[in-house]
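Let's take a walk through a protein together. Have a look at the sequence and the model, and then read on.

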Amino acid sequence: MTASTGPDLTGPDPTGPDRTASRLTASPLTGPDPAGAAPLGLGPLGLDVTVPPELSARAPAEARGTARDGVRMLVGRRATGAVEHRRFTDLPEVLRPGDLLVVNNSATVPAALPGRLPDGTPVALHLSSAQPDGSGAHLVELRRVVPGRAAAHYPPEESPARPGLRVSLPAAGAAVLTRPLTARLWYAELALPEPLLPYLERHGRAIRYGYVDRDWPIEAYRTVFATVPGSSEMPSAARPFSPEVVARLAGRGVLLAPVTLHTGVASPEVHEAPYAERFHVPAATARLVGHVRAGGGRVIAVGTTVVRALESAAADGTVQEADGWTELVVTPERGVRAVDGLLTGWHEPRASHLLMLAAVAGRPLLAACYREAVRHRYLWHEFGDVNLLLPD
């Protein structure tokens, strides 16, 4: 299969020496991990896995010499605990006719803006949502500018954020901080010379973190399903889909339906719980989910964003049309009511998303998948490989 057309993504894929290994540890809910990690919230997973820094995908698959759909896919089956190693192009054969894939059609926007503090200090402003909340405010994060590298997290004691702080933005724009949501995220009022989305396209760039080797074009952060601009970071589980794979899925009798959830900014340094995000579940998608489940088919969410959207629309166990902001946090204790399986990327060992994965797949299968992924050197993060978690 040939790579899909798009911008030139050739370039180096070095492994940086500055990134320390992550550690997935079996730790209880009630306190810090003995090694000093924040509690995962999953309870004992029965494993202790080190994720070496070289397993971070530093560049898009296209820059590593393969197509978007050429990444690897580890398949785990909850009923048997079996795992198997596949290529993403095997997805149509792994799924069954009548299965439903629900995808997120949110398009990533270039949400990282250059800014300056009143004393002239350069900062990066990461916009957490392209849509304001009910009061007209936007969530933002200030990050430290590091020449030649990704913008860095400000520890709370070093952050310049404070009520009333004015951050100058390009073209005489400005953001004025009003109040904190967390130590990292602040509400801000924006004053821009044009509407937000064209302003971001003109002056912003894609948000990236330290494990990515350099800035990549915004197209590298958009999926084949991206039609509704609004995500600050890519709904990355869908990144490997190509038009060819979509066509083969349709030929196999696998259904596809969209939802929209605009992602906020991640917290790779502090692993905060999810906060409110804007979502929409169309009536047609809600009806199709109900139809498939009633007929014995499986509903497979493509990404944690889709799980959050569908579960937010299924308060009574049946998915209904829904539109608004969701603060839902899916945990093993809550469980899932609308999805049967999940296609997802590989998450940081202490990421809050692992709670959701355990809710869908169960702790034993999740532990087995992560052990296998490290053993077989799967690649982590938004440009990496994927994990398909199925009920059977």
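This is a predicted model: local features need pLDDT of at least 70, side-chain atom pairs count only at pLDDT 80 or more; totals for chains, interfaces and linings use all residues.

If you trace the protein chain from end to end, you will come across seven helices and 20 strands. The chain has 392 residues, and 54% of them are buried. What about the surface? The accessible surface of the protein chain amounts to about 15,800 Å², and carbon and sulfur atoms account for 54% of that area.

Now think about which parts of the sequence meet. Take the contacts in the protein chain between residues at least 6 apart in sequence: 70% of these join residues that are at least 24 apart.

Glu189 lets you see this kind of meeting in detail. Look for Glu189 in strand 13, which covers residues 185-191. Glu189 and Ala137 are 52 residues apart in sequence, yet their C-alpha atoms are 5.2 Å apart in space. Leaving aside residues up to four places away in sequence, Glu189 touches Ala174, Ala175, Val176 and Thr178.

Our last stop is a pair of helices. Two packed helices are described by the distance between their axes and the angle between them. Here, helix 6 (residues 353-361) and helix 7 (residues 363-375) have axes that come within 7 Å and cross at roughly 115 degrees. Helix 6 brings Leu354, Leu357, Ala358 and Ala361 to the contact, while helix 7 brings Arg363, Leu365, Leu366 and Tyr370.

Methods:
Residues are numbered from 1 along each chain as its sequence is written. Side-chain values use heavy atoms; hydrogens and water are left out. Helices (H or I, at least four residues) and strands (E, at least two) are DSSP runs, numbered from the N terminus. Buried means under 20% relative accessible area, exposed over 50%, partly exposed in between (1.4 Å probe, protein chains only). Contact means heavy atoms within 4.5 Å. Accessible areas come from the Shrake-Rupley method with a 1.4 Å probe; for residues, only the protein chains shown count as cover. Axes are lines fitted to C-alpha atoms, for helices over the stretch in contact, and angles run from 0 to 180 degrees between N-to-C directions.
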